[in-house]
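Here are my notes for a first reading. Please keep the sequence and the 3D view open while you go through them.

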Amino acid sequence: MKLDAKLAEALNQQINNELAASLNYLAMAAYFDSLSLPGFASWFRAQSQEENDHGMRIYDFVVKRGADVTIDGITAPRGAFNSPVAALESALAMETEVTKQIHALYEMAQDAKEFSAQSMLNWFLDEQVEEEDSFRTLIEQAQAAGDDRWNLLLLDKEVAARGGAEAEA
């Protein structure tokens with residue numbers, strides 16, 4: 001059975017949203033590199049790759065269900081922030097928006113009785129809980145570090161130790 005046309009269109013939009021998030025996280029990695037905070041930069045590079053993987057996960061589902069994939073133009077990402085906390089808050093806002101998008105997709109799949117799409121989207125629902133929690137924790141830690149360079153360097157070292165493992169979860 002071919003994927004519901006409206007749902008296929010919405011999933012295509014989500015593919016593009018995930019790819020845009022990937023570029024945004026790559027721009028954030030560059031921002032942290034410019035601050036000589038390589039731990040954060042590495043963590044955001046891993047986040048970028050994860051978002052790309054999310055887009056491809058949806059891409060593969062759409063293809064397997066016999067629908068076409070359409071990649072649209074993606075707006076240039078924001079590359080400058082007032083502070084590390086501001087960059088992290090921007091990332092959390094993006095993840096909160098993605099959570100809303102996934103909820104809307106799930107509801108659309110439910111209404112269309114697209115049970116396989118609901119199954120696929122369940123993974124994303126769980127993933128978004130982890131994503132938002134990770135960013136909230138990092139924001140709290142960065143706020144605690146404040147403008148103290150030494151504290152930011154210590155936090156950067158801790159974030160580096162997390163590596164891509166947390167981002168790949």
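1. Start with α2 and α5. α2 passes α5 in a left-handed crossing. This is a predicted model. α2 covers residues 38-64 and α5 covers residues 149-162. Their axes are 7 Å apart, and the packing angle is about 35°.

2. Which residues of α2 and α5 meet? From α2 come Pro-38, Gly-39, Phe-40 and Trp-43. From α5 come Leu-155, Asp-156, Val-159 and Ala-160. By class, the contact of α2 with α5 holds 6 nonpolar residues, 1 polar and 1 charged.

3. Next, α1 and α2. Helix α1 spans residues 5-34. The axes of α1 and α2 come within 8 Å of each other. They cross at roughly 170°. An angle over 145 degrees counts as roughly antiparallel, so α1 is roughly antiparallel to α2. In the contact of α1 with α2 there are 17 nonpolar, 8 polar and 4 charged residues.

4. Look at the link between these two helices. Ser-36 sits in the loop between α1 and α2. Ser-36 is not a glycine, yet its phi is positive, near 55°. Most residues other than glycine have a negative phi. Is Ser-36 buried, partly exposed or exposed? Ser-36 has a relative accessible area of 47%, so it counts as partly exposed.

5. Now a glutamate in α1. Glu-18 is found in that helix. Its relative accessibility is 1%, so Glu-18 counts as buried; the cut-off for buried is under 20%. Which residues does Glu-18 touch, leaving aside neighbours within four places in sequence? The contacts are Glu-51, His-54, Gly-55, Ile-58, Val-98, Ile-102 and Phe-124.

6. Glu-50 has a relative accessible area of 6%, so it is buried. How far apart in space are Glu-50 and Glu-18? From C-alpha to C-alpha the distance is 9.2 Å, while the two residues are 32 residues apart in sequence.

7. Move on to α3, which runs over residues 84-111. Met-94 lies in this helix. Leaving aside neighbours within four places in sequence, Met-94 is in contact with Ala-21, Asn-24, Tyr-25 and Met-28. Met-94 and Phe-115 are 21 residues apart along the chain. Their C-alpha atoms are separated by 27 Å.

8. α3 also packs with α4. The angle is about 160°, and the axes are 9 Å apart. At that angle α3 is roughly antiparallel to α4. The crossing of α3 and α4 is left-handed. Their contact divides into 17 nonpolar, 8 polar and 5 charged residues.

9. Lys-113 has a relative accessible area of 56%, so it is exposed.

10. How far does α4 reach from its first C-alpha to its last? α4 covers residues 115-145, which is 31 residues, and reaches 46 Å. That is close to the 45 Å expected at 1.5 Å a residue. Just after α4 comes Gly-146, with a positive phi of about 60°.

11. Last, a glutamate within α4. Glu-132 lies in this helix. Glu-132 is buried, with a relative accessible area of 12%. Which residues does Glu-132 contact, leaving aside neighbours within four places in sequence? They are Leu-92, Glu-95, Thr-96 and Thr-99. Glu-132 and Thr-96 are 36 residues apart in sequence, but their C-alpha atoms are 6.9 Å apart in space.

Technical notes. Residues are numbered from 1 along each chain as its sequence is written. This is a predicted model: local features need pLDDT of at least 70, side-chain atom pairs count only at pLDDT 80 or more; totals for chains, interfaces and linings use all residues. Side-chain values use heavy atoms; hydrogens and water are left out. Axes are lines fitted to C-alpha atoms, for helices over the stretch in contact, and angles run from 0 to 180 degrees between N-to-C directions. Helices (H or I, at least four residues) and strands (E, at least two) are DSSP runs, numbered from the N terminus. A crossing is left-handed if the near helix is turned anticlockwise from the far one by less than a right angle, and right-handed if clockwise. Contact means heavy atoms within 4.5 Å. Ala, Val, Leu, Ile, Met, Phe, Trp, Tyr, Cys and Pro count as nonpolar, Asp, Glu, Lys and Arg as charged, and the others, Gly among them, as polar. Angles under 35 degrees count as roughly parallel, over 145 as roughly antiparallel, 65 to 115 as roughly perpendicular and the rest as oblique. The expected span of a helix is 1.5 Å times one less than its number of residues. Buried means under 20% relative accessible area, exposed over 50%, partly exposed in between (1.4 Å probe, protein chains only).
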